[in-house]
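Please open the structure in a viewer and keep the selection panel at hand.

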Amino acid sequence: MISRTALLALALTLSACGLQPLYGGGGTVAASLRTIEVGPIEGQTGWLVRNKLVDRLGESGSAAPAYRLDVKLDDNITGFGIRGDRAVTRERRSLRARYQLVSLANGTVVLDATAGSDAGIDVVSSEYATVAAEQTAVERLADVVADQIVARLGSYAARTSK
């Protein structure tokens with residue numbers, strides 16, 4: 001068993017390692033993320049991704065925008081797992097995003113990157129169930145892609161705010 005002294009020493013060591021929350025506490029990174037304006041994104045999937053980005057970035061109108069985030073999506077469903085009667089039994093939904101962070105001060109692209117994820121969907125005899133599964137998959141994919149974009153933007157903001 002680990003003694004109480006060892007646990008206390010471990011806790012003190014970890015607290016002194018210099019790690020800080022990236023977004024929390026309203027620090028410089030969180031303030032930088034609030035200055036990003038998310039441009040419109042085409043389609044229903046674009047609407048989902050944009051709303052998730054706005055929620056995560058904290059775009060509240062309180063900070064004057066310094067950057068614009070432009071996102072282009074590629075949403076694709078591919079059928080595979082084909083039975084003998086040529087019916088598809090499985091689908092893969094892929095959501096890829098290419099995004100650019102544009103400085104509003106001079107119009108230059110300061111960050112150009114991609115994000116993406118895939119989800120598997122079972123195709124069943126009920127068309128309603130299949131459509132519902134496709135919709136649920138795109139909602140999950142929008143969450144994952146928005147998280148990836150915000151993580152990269154947070155990393156960029158942490159690097160440039162020092």
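In this tour, contact means heavy atoms within 4.5 Å. Helices (H or I, at least four residues) and strands (E, at least two) are DSSP runs, numbered from the N terminus. The model is predicted: local features need pLDDT of at least 70 and side-chain atom pairs count only at pLDDT 80 or more, while totals for chains, interfaces and linings use all residues. Residues are numbered from 1 along each chain as its sequence is written, and side-chain values use heavy atoms, with hydrogens and water left out.

**The sheet**

Select β1, β2, β3 and β4. These 4 strands form an open sheet in the order β1-β2-β3-β4, with mixed pairing. β1 and β4 are the edge strands, each pairing on one side only. From one strand to the next the twist averages 25°. Two strands are said to pair if DSSP finds at least two bridges between them. Axes are lines fitted to C-alpha atoms, for helices over the stretch in contact, and angles run from 0 to 180 degrees between N-to-C directions.

Next, select residues 67-82 and 88-103. These are strands β2 and β3, which pair in the antiparallel sense over 15 bridges. Within this pairing, Phe-80 has Arg-90 of β3 as its bridge partner. The β2 and β3 hairpin has 5 residues between the strands, and Arg-86 there takes a positive phi near 70°.

Move on to β3 with β4. Their pairing is antiparallel over 13 bridges. Glu-91 stands opposite Ile-121 in β4, and Arg-93 stands opposite Ala-119 in β4. This hairpin also has 5 residues between its strands, with Gly-107 in the turn at a positive phi of about 80°.

**Ser-117**

Select Ser-117, which is found in strand β4 (residues 109-122). Is Ser-117 buried or exposed? Its relative accessible area is 17%, so Ser-117 is buried; buried means under 20% relative accessible area, exposed over 50%, and partly exposed in between (1.4 Å probe, protein chains only). Leaving aside neighbours within four places in sequence, the contacts of Ser-117 are Arg-93, Ser-94, Leu-95, Arg-96, Leu-141, Val-144 and Val-145.

**The helices on the sheet**

Select helix α3 (residues 43-57). Its 15 residues reach 21 Å from the first C-alpha to the last, close to the 21 Å expected at 1.5 Å a residue; the expected span is 1.5 Å times one less than the number of residues. Buried residues of α3 include Thr-45, Gly-46, Leu-48 and Val-49. The buried residues of α3 pack against α2 (28-33), β1 (36-38), β2, β3 and α4 (127-160). Just after α3, Gly-58 takes a positive phi of about 75°.

Now show α4. This helix lies across β1, β2, β3 and β4 and runs at about 155° to β4.

**The nonpolar core**

A nonpolar core is a set of buried Ala, Val, Leu, Ile, Met, Phe, Trp, Tyr and Cys residues joined through side-chain atoms within 4.5 Å. Select Leu-53, Leu-69, Tyr-99, Ile-149 and Leu-153: of the 33 residues in the largest such core, these touch the most other members. At least two residues of this core come from each of α2, β1, α3, β2, β3, β4 and α4. The most is given by α4, with 12 residues. Centre the view on Ile-149; leaving aside neighbours within four places in sequence, Ile-149 is in contact with Leu-53, Leu-69, Ala-97, Tyr-99 and Ala-115.

**Salt bridges**

A salt bridge is a side-chain nitrogen of Lys or Arg within 4 Å of a carboxyl oxygen of Asp or Glu. A search of the whole structure finds 8 salt bridges. Select Lys-52 and Asp-143, which form a salt bridge with the closest N and O atoms 3.1 Å apart. The pair links distant parts of the chain, with Lys-52 in helix α3 and Asp-143 in helix α4, 91 residues apart. Lys-52 counts as buried at 19% relative accessibility, whereas Asp-143 counts as partly exposed at 28%.

Asp-147 counts as partly exposed at 40% relative accessibility, and Arg-56 counts as partly exposed at 31%. With these residues displayed, the network of salt bridges linking Lys-52, Arg-56, Asp-143 and Asp-147 can be inspected.

Finally, select Asp-70 and Arg-68, which form a salt bridge with the closest N and O atoms 2.9 Å apart.
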